[in-house]
Structures are given as C-alpha cells and as structure tokens.
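Please open the model in a viewer and keep the selection tool at hand.

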Amino acid sequence: MLNKLIKIKGGFVRAVKIIEDFFDEELNQRKLESYCVNPSARDAFYSISKGLHPTSRNRVHLISGTYGSGKSHFGLVIANYLTKNTSSKDFEMIFRRIREKDPNKAAEIYSVRNIDEPYLVILLESGDSEGAEHALLEGLKTALIRDNIPEEILRTSYQSALNKIEEWENKKPEFIEGLQGGSQSWRG
C-alpha cells in the first residue's frame, strides 16, 4: 500500500568518492546522470557560477551538511562543471533539471561555463596526516602534473626551501645544529 503512495526515483548512488569517480569516465557519467538538483544545490550552484565572474567578490564557498546529505556528489558535479563545457552531453540532464525549476538560474549557470577553457580543479583527500596545508600543496601539485605542466615549473619557494633544508641536513649537519641552537656565528 505504501509503495503505491510513495515513489522513489531510481538511479541514486550510495557513495561518491570524488577523486576515484571523477577520473573513471563511466562512474563519473553515471553519477552525473543520477544527481538530483534540490533547491539548496541549485542555489549553491548558482552562487558558485556567479562567483566565477572576474569582478565577483563572492569567490569562496563553504559547503557543509550532515553525513549522507550529498556534499561529495555536489562536489563531483561542480568539479565537472569547472572542467567541461556546459553544452557537453554530461550536463544535459543536470541543466534540464535546473531549467525545469528555475530557468533564470539555469541560464546563468549555463552561460558562465559555455566556454572550452577549463579551470584547474584541485581534488583533495581527507585524512592527510601532515595537515591541511600539506594536502592542499599535494593536491595542487597532482593537478598541475595531471594537466601536463612540467614539474620544474612547479618548484615553489616553499618546496625549494624544504629541498634546501633536506640538503643541509644530509650534507651539513653541523649547520643545522647551529641553526637549532640559535647560533648566529655560523656562515654557510
């Protein structure tokens, strides 16, 4: 009797692992097709798209919610939005769903990314034992290498400093001891 009153749409997915799903073309497509754009997601999508305008002052967005509320699925959709043209087949169903509920927001979301230039998307994994800064730097490095940017170009001042400290630790341990002891008389 209850199943005659309540219909649950099929196609929902149990879990989304953004990094794994994003790079698996079949999984990615299936999860994009199954995404249900609820009012909160539609508003967040619209706000993020407005934030992509070069003159926007609202460029940072925090997505929060309880376990199982769809944050990762939304993140996967946004990662695709930032890297693909909105007229791609991948977005056909998502835009149709948004257009059905709010044609004005759909037009804005669509027009902002109706270009072929992708954004650099940095995908992070939770639980980095070295902290959030390390996770962000590793994610950035991975994203840049994935987009075929030579690693020599990626050498940042931060990484160069770490490399120099490691070199000193291996080749000049007395210098490191002098630094740790606060000695200012050492010249390397």
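Begin by selecting lysine 84, which is partly exposed because its relative accessible area is 22%; buried means under 20% relative accessible area, exposed over 50%, and partly exposed in between (1.4 Å probe, protein chains only). The model is a predicted one, in which local features need pLDDT of at least 70 and side-chain atom pairs count only at pLDDT 80 or more, while totals for chains, interfaces and linings use all residues. Residues are numbered from 1 along each chain as its sequence is written, and side-chain values use heavy atoms, with hydrogens and water left out.

**First stop: salt bridges**

Lysine 84 and aspartate 90 form a salt bridge, with their closest N and O atoms 2.7 Å apart. The term denotes a side-chain nitrogen of Lys or Arg within 4 Å of a carboxyl oxygen of Asp or Glu. Side chains of opposite charge can pair when their charged atoms come close. Aspartate 90 counts as buried, since its relative accessibility is 19%.

How many salt bridges does the structure hold? There are five salt bridges in the structure.

Next, select lysine 105 and aspartate 43, whose side chains meet in a salt bridge of 2.4 Å, N to O. Lysine 105 belongs to helix α7 (residues 103-112) and aspartate 43 to helix α4, so this pair ties together parts that are 62 residues apart in sequence. Helices are DSSP runs (H or I, at least four residues), numbered from the N terminus. Is lysine 105 buried or exposed? Lysine 105 is buried, because its relative accessible area is 18%. Aspartate 43, at 39% relative accessibility, counts as partly exposed.

Continue to glutamate 100 and arginine 96, a salt bridge in which the closest N and O atoms are 3.1 Å apart. These two residues are separated by about one helical turn, because they are four residues apart in helix α6. Glutamate 100 counts as exposed at 54% relative accessibility, whereas arginine 96 is partly exposed at 39% relative accessible area.

**Second stop: aromatic rings**

A search of the whole structure finds six aromatic pairs. Rings of Phe, Tyr and Trp (its six-membered ring) pair if their centres lie within 6.5 Å; planes under 30 degrees apart count as stacked, over 60 as edge-to-face and the rest as tilted.

Select phenylalanine 45 and phenylalanine 74, an edge-to-face pair with 6.3 Å centre to centre and 85° between the planes. Phenylalanine 45 lies in helix α4 (residues 39-51) and phenylalanine 74 in helix α5 (residues 71-83), so the pair ties together parts that are 29 residues apart in sequence. Both phenylalanine 45 and phenylalanine 74 are buried.

Now select tyrosine 81 and phenylalanine 91, an aromatic pair that is edge-to-face, with 6.3 Å centre to centre and 80° between the planes. Tyrosine 81 is in helix α5 and phenylalanine 91 in the loop between α5 and α6 (92-101), so parts that are ten residues apart in sequence are tied together by this pair. Tyrosine 81 and phenylalanine 91 are buried.
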